Amino acid sequence: MEEPVAEGARVVDPFGHQPGGPSPPGGLLDVLNVAAVVVDAGGRIVLWSPHAEQLFGYSAREALGQYAGRLLVDPEHLNLVMELFDEVMRSGRPWVGVFPVRVKDGSIRRIEFRNMRLQDDRHNLYALALATDQATLRQVETDLALSDKLIDQSPIGLAVLDTDLRYVMVNSALERINGRSAAEHLGRHVHEVLVFVDATAVEAAMRQVLASGVPLIDMYEIDLRNRGIAWSTSYYRLEDTAGHVLGVAVSVVDVTERHRAAVEAAGARRRLAMVAEATVRIGTTLDLQRTARELAEVVVPDLADLATVDVLEEILTNGRAEPQAGHPARFRALAVVSAYPTEAIGAADPVDEVVTYEADRLATRCVTSAAPILVEHVEGAALHDIARDAGAASHLAGAGVHSYLAVPLIARGEVLGVLCMVRARNPTPFDGEDLVLATELAARAAVCVDNARLYRNERNTALTLQRSLLPQPPPYRPGLKIAYRYLPAGAGNEVGGDWFDVIPLADGKTALVVGDVMGSGIAAAATMGQLRTATSTLATLDLDPDEVLRHLDDIAAGLSRPFVTCVYAVCDPARGQCRISTAGHLPPVFVPADGVAELVDIPPGAPLGVGGVDFTTVTLPLTRDSLLVLYTDGLVETRNDPIHQRLDTLRRLLDGPRRPLEETCDVLLHALRPPDGSDDVVLLVADLRPCPSERPPASG
């Protein structure tokens, strides 16, 4: 009694069951509990299915052979049933409807019937009744209708795929999301439909769900055509009531607004992080070039592929700059930083060189207008405006530069220079948010750049003043050879007040002076100049070293920077002696010609300017080729090493075979001066020898 199938036709099960194979239990018929009853032409029951027993309560033994009307129909409805039965048997037309039936427990149930006439090969007629409980059927119909409406009208995209990951159902919302009709989905694999997302990753996720049965919830997918569009996708394994795997259900929700909000929040966090990083990284020293490089390193590679920092040359040379529209600008390049090797570096100005940019160049317009300039999409004509010349423009084009941003460096109301950035490998052009971030970074960095500039100017002034006050190479002195070094503090540190002097005295004597004014900068250099002048004047009075220091102590007390350490030595070759006194200074090193280097045992005294402290003079005997080494604390003091260890190292370096004086200076500086060069260093090495033949005759 099966429905015939046309020759060549193919029966397709959307969930992959084999045609003609047994259906698994737990299907829809089991849910409906459809009962089958066959009645002969006389009305007797000749077939009673197990579901009929469940539906009506009578076993097959109790039902077979009984008149169906008497067994199942209340007497008041019997005549109507007989009429309907006769109509079906006579006309052969099926009858469909609901009829009240009396079940075994005596209760009445409304049953949905499908009645039809059957005929066997002997032309005997039978009636087949398919029956199910009306309430159950209506509930299923309601559920199906509700599900159908929910699926069809839901704003959430819904789909069902079989175990081969072919679409078997999609709703209207998913048609809109994917931009394809249901017909373009059904029977096709995911990768044949979803060409605008990573279909490989989607199929992998579906297979994982099919294998494990564990749902994957809220998986983000970004539209590869427009990365501003995003969906949240969830995958669930579908099973029938018997636990057989049917396929995968997919729900897709448009979360573009949430995605954009997340992207904006991430961008805000990135901007805050870069500003915080800039606060920490920029301005770690007062070195101008290093500060500029720190700014460039903050923006590369997160904001730009390549960044340059250029300062107006007039700011560095004159302390002021007034860039005017329509006039060229002269820049000194301070930093060039790239995220990777690129031809664009050839377009950047060499560091520490001065280059003139014409008035129409964007860097010039940026400083003259004191406003940022954004070129989102750099085209051929724009390259000319960015580059300093045609050669630089060619380098930019060869590197693939496609976006440009220039931001002025403004500090204390004055334009100092410009931060220029380009993008080449980064495909996203600069936008308004990048401009805001770059402006914030430039504003913070500009103050650090200006501080470094002001410090450099002051340091150069102090260094010039100090060097002008230091002595020129001393003239020949009898019984004395001199070598000396003066090294100012490193570029990131202020110049101090260290000095030395070699002062010719009467009777062939020579005064050797090394001092250190506490503090740094122009004020320290000025104080040093005053004390040097005072020392030279006092030395001409032929006073003992302790008396000279006592007078200097009184003078220093009246200066703005009163605390000064000093060592004062008078070499007298005629008498074969050297007399030394110190004021809070580190002890000199004395090396006899045939002995071992020793620190001079002398009371250190107090720094000049303290007042009321006595100074002591000690006398050293001179032998041929005696060596006296005077120095300032910048040579031996460090933050981590005890001073006695450093002094011992100095002493040991002077032991052993005698070197030429210039070589001795180089060896000591190389071995002892700290790498950071954080303090000035003065080193004075004197080769002393007695000269009795040159002693003038004694008076009266």
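Student: How do the residues of the lining of the second largest cavity divide into nonpolar, polar and charged?

Tutor: Ala, Val, Leu, Ile, Met, Phe, Trp, Tyr, Cys and Pro count as nonpolar, Asp, Glu, Lys and Arg as charged, and the others, Gly among them, as polar. Here 14 are nonpolar, two polar and one charged. This is a predicted model, in which local features need pLDDT of at least 70 and side-chain atom pairs 80 or more, while totals for chains, interfaces and linings use all residues. Residues are numbered from 1 along each chain, and side-chain values use heavy atoms, without hydrogens or water.

Student: Which residues of that lining lie nearest the centre of the cavity?

Tutor: A cavity is a set of points, on a 1 Å grid over the protein atoms alone, where a 1.4 Å probe fits but cannot get out; lining residues have an atom within 4 Å of a point. Of the 17 lining residues, L174, N178, L194, E221 and V252 lie nearest the centre. The cavity holds about 140 Å³ of space, the volume filled by probe spheres set on points joined across faces, edges and corners.

Student: How much space lies in the largest cavity, and what lines that cavity?

Tutor: About 250 Å³. Its lining has 23 residues, with T308, A347, A348, Y357 and C420 nearest the centre. Two or more residues each come from β11, β12, α16 and β16, helices (H or I, at least four residues) and strands (E, at least two) being DSSP runs numbered from the N terminus. The lining comprises 19 nonpolar residues, one polar and three charged.

Student: How many cavities of 30 Å³ or more does the structure hold?

Tutor: Three.

Methods
1 Å grid on protein atoms, 1.4 Å probe; cavity = no way out; pocket = protein on both sides within 12 Å on 5 of 7 lines; lining within 4 Å.
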